[in-house]
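Here is a short briefing for a first look at this model. Start with the display, then work through the points by topic.

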Amino acid sequence: MKHTLFSLIAAAACAGACGSSSTSPAPIIVTTKMISVTGDLAFGGVNIGSRADRTFAINNAGQAPMTFTSLSCAGGTGSDVYTFNPASGVVPSNGSITVDVQFTPRLAEFYSCVLSVIGNQTSGDASIDVSGTGVDISH
C-alpha cells in the first residue's frame, strides 16, 4: 500500500512540474499599424492671397487602429503657407482618412516641404512632398 500511495503522489507532483501540463503556451499576438500616405500635393501656381485646396489620404493596412498626433511640414523652402485639417486623429485598421490641405502663398516664390505624419505606426512610409508657387498677377 505504501508503494502504491507513493507512486500516485509522485505521479501527481510530476504532472505539474515535469511539463506534462495539458495547457499550451499563450500565442504571441503582434499588432501592426502599417502607414502609407497617398495623394498629389503639387499645387502648381496659385495667385498671392488666394487659396488652393487639395487632399491626401493616410492609410492603415495594419490590424490595429493607428493614432497620429500631428503633421509636420519641414525642410524645403517654406511650410507656413500650408494648413492641414484634421491635424490629428485615429485611422482604423485596414482603413484610411482624408486630410484637407490648403495652400495660401504670401509671396511670389516657390514653396516646398516634406509632410510627415507623426504617430504610433509600426511600419511604412509616413511622408509626402508638398509644393506650390505663389504667382503675382499685379505685374
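Contact here means heavy atoms within 4.5 Å. The model is a predicted one.

**The nonpolar core**

- The largest nonpolar core holds 27 residues.
- Y82 is one of the members that touch the most other members, along with F56, I58, L71 and L115.
- Several strands give two or more residues to this core: β1 (34-39), β2 (42-47), β3 (52-60), β4 (66-74), β5 (82-85), β7 (95-103), β8 (110-119) and β10 (127-135).

**The open sheet**

- Five strands form an open sheet, in the order β2-β10-β8-β4-β6.
- The pairing in this sheet is mixed.
- β2 and β6 (89-91) stand at the edges. Each has a single partner strand, so one side of each lacks a neighbour in the sheet.
- From one strand to the next, the twist averages 35°.
- Strands of a sheet pair through backbone hydrogen bonds, either parallel or antiparallel.
- β4 and β8 take the antiparallel sense, over six bridges.
- A74 has V114, in β8, as its bridge partner.

**S112, in a strand**

- S112 sits in strand β8.
- S112 counts as buried because its relative accessibility is 15%, and buried means under 20%.
- Beyond its neighbours within four places in sequence, S112 contacts G75, G76, T77, G78, Y82, V130 and S131.

**L41, in a loop**

- L41 lies in the loop between β1 and β2.
- Is L41 buried or exposed? With 2% relative accessibility, L41 counts as buried.
- Setting aside neighbours within four places in sequence, L41 is in contact with R54, T55, F56, V101, L115, I128, D129, V130 and S131.
- L41 and D53 are 12 residues apart along the chain, and their C-alpha atoms are separated by 9.2 Å.

- N59 belongs to strand β3.
- The relative accessible area of N59 is 19%, so N59 is buried.
- Which side chain makes a polar contact with the side chain of N59? The partner is the side chain of T38, at 3.2 Å.
- Leaving aside neighbours within four places in sequence, N59 has contacts with M34, I35, S36, V37, T38, M66, V91, G95 and S96.

Conventions. Residues are numbered from 1 along each chain as its sequence is written. This is a predicted model: local features need pLDDT of at least 70, side-chain atom pairs count only at pLDDT 80 or more; totals for chains, interfaces and linings use all residues. Side-chain values use heavy atoms; hydrogens and water are left out. A nonpolar core is a set of buried Ala, Val, Leu, Ile, Met, Phe, Trp, Tyr and Cys residues joined through side-chain atoms within 4.5 Å. Buried means under 20% relative accessible area, exposed over 50%, partly exposed in between (1.4 Å probe, protein chains only). Helices (H or I, at least four residues) and strands (E, at least two) are DSSP runs, numbered from the N terminus. Two strands pair if DSSP finds at least two bridges between them. Axes are lines fitted to C-alpha atoms, for helices over the stretch in contact, and angles run from 0 to 180 degrees between N-to-C directions. A polar contact is a pair of N or O atoms within 3.5 Å; within protein, one must be able to donate a hydrogen and the other to accept it, and residues adjacent in sequence count only if both atoms are side-chain atoms.
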